[in-house]
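Okay, everyone, thanks for coming. Let me put the model up on the screen, and then I'll talk you through it.

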Amino acid sequence: MIKTNRLETLRTDKGLTQEELAANVGIAVSTYSMYANGHRMIPRKVAERIAHVLDCELDDIFLPEKFTVSKTCGLVSRSPPGETQDGA
């Protein structure tokens, strides 16, 4: 899952337009736009190129679809809104 606002913030902070970032990554601007708006899944290789162009880590831009923090650490697991820990 993409941190959409973060991707656009990093891009604009670098002074890049969508067209420039897309060209540097080697994809069409329409493809980049779909990625940025969350309308298309980003292949890992493309995600790595985006992170490289923006001079950041993948984790700065992308989140896992679902993540759980171990209760042994004293932290609570996170579930999507409306879903309980048991999946109901």
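By salt bridge I mean a side-chain nitrogen of Lys or Arg within 4 Å of a carboxyl oxygen of Asp or Glu. Quick housekeeping: this is a predicted model, so local features need pLDDT of at least 70, side-chain atom pairs count only at pLDDT 80 or more, and totals for chains, interfaces and linings use all residues. Residues are numbered from 1 along each chain as its sequence is written, and side-chain values use heavy atoms, with hydrogens and water left out.

Back to that pair. Arginine 44 and glutamate 48 are four residues apart in helix H4, so about one helical turn separates them. Helices here are DSSP runs (H or I, at least four residues; strands are E, at least two), numbered from the N terminus. And in general, an α-helix has 3.6 residues a turn, so residues three or four places apart point the same way.

How covered are these two? Arginine 44 counts as exposed because its relative accessibility is 57%, while glutamate 48, at 32%, counts as partly exposed. The cut-offs: buried is under 20% relative accessible area, exposed is over 50%, and partly exposed is in between (1.4 Å probe, protein chains only).

The count by this rule is two salt bridges. Glutamate 8 and arginine 11 also pair up through their side chains, at 2.6 Å, N to O. Both lie in helix H1, three residues apart, again about one turn. Arginine 11 counts as buried because its relative accessibility is 10%.

**Zooming out**

The chain has five helices and zero strands. Of its 88 residues, 26% are buried.

What holds the middle of my attention is the largest nonpolar core, which has 19 residues. A nonpolar core is a set of buried Ala, Val, Leu, Ile, Met, Phe, Trp, Tyr and Cys residues joined through side-chain atoms within 4.5 Å. The members that touch the most others are Leu7, Ile27, Tyr32, Val46, Ile50, Leu54 and Ile61. Helices H1 (4–13), H2 (18–25), H3 (29–36) and H4 (44–53) each supply at least two residues of this core, and H4 gives the most, with four.

Take valine 46. Which residues does it contact, leaving aside neighbours within four places in sequence? Val25, Ile27 and Tyr35, where contact means heavy atoms within 4.5 Å.

Now H3: its buried residues are Thr31, Tyr32, Tyr35 and Ala36. They're on the same side of H3 because they cover an arc of only 135° around the axis, taking the directions from the helix axis to the C-beta atoms. Just after H3, glycine 38 has a positive phi of about 75°.

**Where to be careful**

pLDDT is the predictor's confidence in each residue, from 0 to 100. The chain averages 77, and 66% of the residues score at least 70. Among the helices, H2 comes out highest, at a mean of 97, and H5 (residues 58–61) lowest, at 83.
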